[in-house]
Amino acid sequence: MKRLRLTTAGESHGPGLTAVLSGLPAGLAVDSEFIARDMRRRMHGYGRGHRMQIEQDEAVIRGGVRDGETLGSPVTFWIENRDFENWREVMDPYRVDPDRAEKRRLKSPRPGHADLAGGLKYLRRDLRDVLERASARESAARVAAGALAKLLLAQFGVEIRSGVRYLGALGADRPVPDWSDLEKVDDTSPLRAIHRDLEPQMVELVDRTKKDGDTLGGAVTVIAHSVPPGWGSYVHWDEKLDGRLAQALMSVPAVKAIEFGSALEASKGPGSAAHDAIERTSEGAWQRLTNRAGGLEGGVTNGEDVVATAYKKPISTLRTGLPSVDLDTLEPHRSQYERSDVTALPAAGVIAEAMMALVLADAALEKYGGDSMEEVLLHFNASRERQRRWPG
Ligand SMILES: Cc1cc2nc3c(=O)[nH]c(=O)nc-3n(C[C@H](O)[C@H](O)[C@H](O)COP(=O)(O)O)c2cc1C
C-alpha cells in the first residue's frame, strides 16, 4: 500500500496485539461501535475452538484520533489478549518459567504451518517462537484497521460484504455469488453461508469432521459494492489493483488461491463467454450485463462490483497430528496438537473484507489524495462529476 500503511505487532499468547495505520486523512469520523462490530464478527463462526470463548476482542485506540475524528497522524490500536493471563509464565517478555515453557515447547513441526520453515529461518529451538507470530490471531489487528478503511470507503458510497461460498465440497458447484447474495448473508448464522439452504448440512459436516479429529477448508467471496471506475492503474505492474488485492487477500492465513469474478469458469471456455459486453444507458451511464471480470479490467476498477473469492486450505492442526519429526530425537513423530479450530471460514471472510477495504482505501487515496477529508471529498466529487460528462 502506498498511501496507507499498516503495521501489526504481537504474539498469539503474548500480552496483546498492536496495529498502526498511517496515511488516513484528518477529519474522518471514527465510529467505535462499527469497529467493535467487526471485531465481534471475526470471532464468530461454527467450528472455532475454545480460544474464541476466552477472548472478547476490544480494539482500544491509543493514538491518532481525538473527539471521534482522525488527526492525520498514525492511528494506533491495542487489543489485549485475555488468554495471556493463562500463558504469562510461558510468554512473559522478560522471564518465563523454564519448566512451564519446556512443557509448552513446540518440537514436532506441524505440516501446513510455518513451524519448520520458521524454525530454519530464525534458528529457534522452540517452534513456539514461530507459531506465536504466524498464528491467525494477528488478523484481529488487521480487522480493527480494516474497519477504519471501511469507514473511509463509506464516504465514497462503497460498502464491503462477504460470505462463505462453500465449506469442504458443500456448495462448491454453485455459481459465483453477487452483491444481492451477500446482502442476504446472516452474520449471526452458524457459518455465515451464502447458500442458507446448505447451512444445516455444513453444521453436520463440521460436527462429523471434528469427531474424526480432522479439519475443513473452503472458499469465501468478498465483494465491494459501488466502487467508482478508475481506481488502480494499468501503467505499472506493481500498481495494478487486481495484483494488489490478490496479494492482500492471499495474506489472509491459510488462503491459497484468489479468483476475481468467474475467472476459473471463464478460463475453461471461449472468449465469447468470458467477457462483459459494454452498454451505455439512455441516462448516459456505462453498464455491463454481466460481471465475469469481477469489476477489474487492466488492473483498474471499471464501475462494476469488485468480486473476489479466496480459497482456503483446511486448518493445518489435526488432533491426531500428521507425520513429522521430533526435533530432540530427530526420529519420526506425529506433529504436536495445539488447541485449534475445525474451520475458520466465517472469520476468514471478515479478515478478507478488512484486507480488501485497506487496499481499496489506499487506491481511493491515490486517486483523490489530500490531507483532510474535506480535500479528499472535493476531489472525489469533482472526479465523479467529470466522469459523468465523459467523453465530452
Ligand atoms: C481466522 C483464522 C483462524 C485460524 N485458526 C487456526 C487454528 O485454530 N489452527 C490452525 O492450525 N490453523 C488455523 N488457521 C490457519 C493458520 O493460521 C494457517 O494455516 C497458517 O498460518 C499457515 O498458513 P499460510 O500457509 O497461509 O501461511 C486459522 C486461519 C484463520 C484465517
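**Exercise 1. Which residues have the most contacts inside the largest nonpolar core, and how many residues does this core have?**

Solution. The structure is a predicted model. Its largest nonpolar core has 87 residues. Those with the most contacts inside this core are Ala-144, Ala-145, Ala-310, Met-356, Leu-358 and Leu-360. Helix 12 gives the most to this core, contributing 18 residues. As a general background, nonpolar side chains tend to be buried together in soluble globular proteins.

To continue, take Ala-145 and set aside residues up to four places away in sequence. Ala-145 then touches Leu-6, Ala-19, Leu-21, Phe-77, Ala-354 and Leu-358.

**Exercise 2. Describe helix 12 by its extent and its burial.**

Solution. Begin with the extent: helix 12 has 24 residues, and 34 Å separate its first C-alpha from its last. The expected value, at 1.5 Å a residue, is 34 Å, and the helix is close to it. Next, consider burial: 22 of the 24 residues of helix 12 are buried, so that the helix is mostly covered.

**Exercise 3. Is Gly-68 buried or exposed, and what does it contact?**

Solution. First locate the residue: Gly-68 lies in the loop between strand 4 (65-66) and strand 5 (69-70). Then count its surroundings. Gly-68 has 10 C-beta neighbours inside 10 Å, and a residue with 12 or fewer is exposed; Gly-68 therefore counts as exposed. Leaving aside neighbours within four places in sequence, Gly-68 is in contact with Ala-29 and Val-30. Ser-32 is 36 residues from Gly-68 along the chain, and their C-alpha atoms are separated by 8.3 Å.

**Exercise 4. Why does the radius of gyration of the protein agree with that of a compact globule?**

Solution. For 392 residues, a compact globule would have a radius of gyration near 21 Å. The protein has 22 Å, which therefore agrees. Along its principal axes, the C-alpha trace spans about 75 × 50 × 40 Å. The protein contains 13 helices and 16 strands, and buried residues make up 41% of its 392 residues. Among contacts with a separation of 6 or more, 71% join residues 24 or more positions apart.

Key
Residues are numbered from 1 along each chain as its sequence is written. This is a predicted model: local features need pLDDT of at least 70, side-chain atom pairs count only at pLDDT 80 or more; totals for chains, interfaces and linings use all residues. Helices (H or I, at least four residues) and strands (E, at least two) are DSSP runs, numbered from the N terminus. The expected span of a helix is 1.5 Å times one less than its number of residues. A residue is buried if 20 or more other C-beta atoms lie within 10 Å of its own, exposed if 12 or fewer, and partly exposed in between; C-beta atoms are placed from the backbone. The radius of gyration is taken over C-alpha atoms; the globule rule is 2.2 Å times the number of residues to the power 0.38. Two residues are in contact if their C-beta atoms, placed from the backbone, lie within 7 Å. A nonpolar core is a set of buried Ala, Val, Leu, Ile, Met, Phe, Trp, Tyr and Cys residues joined through C-beta atoms within 7 Å.
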